[in-house]
Amino acid sequence: ADLAELRLDRLAGFAPRRDLPALLAKPRTLPALVTYRPKWEGGEYEGDDEPRFEALQLAMELGAEYVDIELKVADKFIKFMSGKKPENCKLIVSSHNYDNTPSAEELASLLAQIQATGADIVKIATTATEIVDVSRMFQILVHCQEKQVPIIGLVMNDRGFISRVLCPKFGGYLTFGSLEKGKESAPSQPTAADLINVYNIRQIGPDTKVFGIIGNPVGHSKSPILHNEAFRSVGLNAVYVPFLVDDLAKFLSTYSSPDFAGFSCTIPHKEAAVRCCDEVDPIARVISSSLLLLLHSLDC
C-alpha cells in the first residue's frame, strides 16, 4: 500500500487521547489517512460531532497526513479548527451517495460545492444501479485532471467495480483496497493484493487499454487473472476487468471510445452480442444457428 486509512469509527472502545498517539506514533512505515465516519454517512460513529471533530483535530496535531471530513459538516469542522490545520495535513472533503449516481450536471455541482469548502482533495463516492453510471464518474475524473483538482472518485457495488481499478487511468488521486476479503469498508471493495497482483494497478495510466469480460454474473470469472498475467508477461500496457452488464447494447454505446479496446462475452449476453455486431464471422453465425436449433429440439 501507499498509505493506510485508519477507520476510527470501526475500532471497539476507541478513546482518542489514549489510542491516537499509539496509532500515529512515528516513525511510521506509511502515511496515514484518518477517517471517523458517522452513521449518517455510512460509518459506525453514533455520537455528537464535537467529540469526533476533537479526535480528527488531534490526529492532525499528531501528524496524520490526511484527514477525511464529510461535506455535510465540512464548514462546521473548518470553523471548529479555527485555522489550526497543519500545513503537512491534507483535508479530504467527502460525499457518499448509497442510492445512485447523479447526472453529470449534478456531479459537477457537487464537485463545486466540495471545492468551495477549501478542500485539499475532493472525494465523491456514488452507487451504480447499472454499469453505465460509472462513465459519468470517469467524466468528472477527467475534468478534474484537466483542471488539476485532486479527486477521489469511486462508484460502489459490483456494477461500479471498474471504477476502483480504472481510476488511475482517468486521473483519480487514489483507490481503496481492503486487507483481506470480508474486511471491506465499502461495497465491492477489492483487496489491495488483487489490485496489485491481479490488476497491476501500479502500471495503469492514461494510455492503458481496457479489455474485459461482459457477463451477468461475472465476479466468479478467472479471465482477469489469466489475461492480466498474459498482458504483464508480454509487456502490453493493458488491463482486463470484469464488466457486470445488464443491457449490452447500452453498455457498448457508452464505452465505445478507443480506450475500451476489446471485450469477451459470456452468459447471458452471447446472443445479444451477435445482434450488436457490425460483422459476424460465418462460422460464428453457423454455431449460433446450430445452438438455437438444438435448444428448440430440446424444448420439443
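1. The lining of the largest cavity comprises 6 nonpolar, 4 polar and 6 charged residues. Here Ala, Val, Leu, Ile, Met, Phe, Trp, Tyr, Cys and Pro count as nonpolar, Asp, Glu, Lys and Arg as charged, and the others, Gly among them, as polar. A cavity is a set of points, on a 1 Å grid over the protein atoms alone, where a 1.4 Å probe fits but cannot get out; lining residues have an atom within 4 Å of a point.

2. The model is predicted: local features need pLDDT of at least 70 and side-chain atom pairs pLDDT 80 or more, whereas totals for chains, interfaces and linings use all residues. Residues are numbered from 1 along each chain as its sequence is written, and side-chain values use heavy atoms, without hydrogens and water.

3. The largest cavity holds about 150 Å³ of space, a volume being the space filled by probe spheres set on grid points joined across faces, edges and corners. Among its 16 lining residues, Arg7, His96, Lys123, Ser185 and Ala186 are the closest to the centre.

4. The second largest cavity has a volume of about 50 Å³. Its lining includes Glu130, Leu244 and Phe251, and by class has 5 nonpolar, no polar and 4 charged residues.

5. Which residues have the most contacts inside the largest nonpolar core? They are Leu166 and Phe243, in a core of 67 residues. Such a core is a set of buried (under 20% relative accessible area, 1.4 Å probe, protein chains only) Ala, Val, Leu, Ile, Met, Phe, Trp, Tyr and Cys residues joined through side-chain atoms within 4.5 Å. A second, separate core of 8 residues includes Leu33 and Tyr66.

Conventions:
Buried < 20%, exposed > 50% of the residue type's maximum accessible area, 1.4 Å probe, protein only. 1 Å grid on protein atoms, 1.4 Å probe; cavity = no way out; pocket = protein on both sides within 12 Å on 5 of 7 lines; lining within 4 Å.
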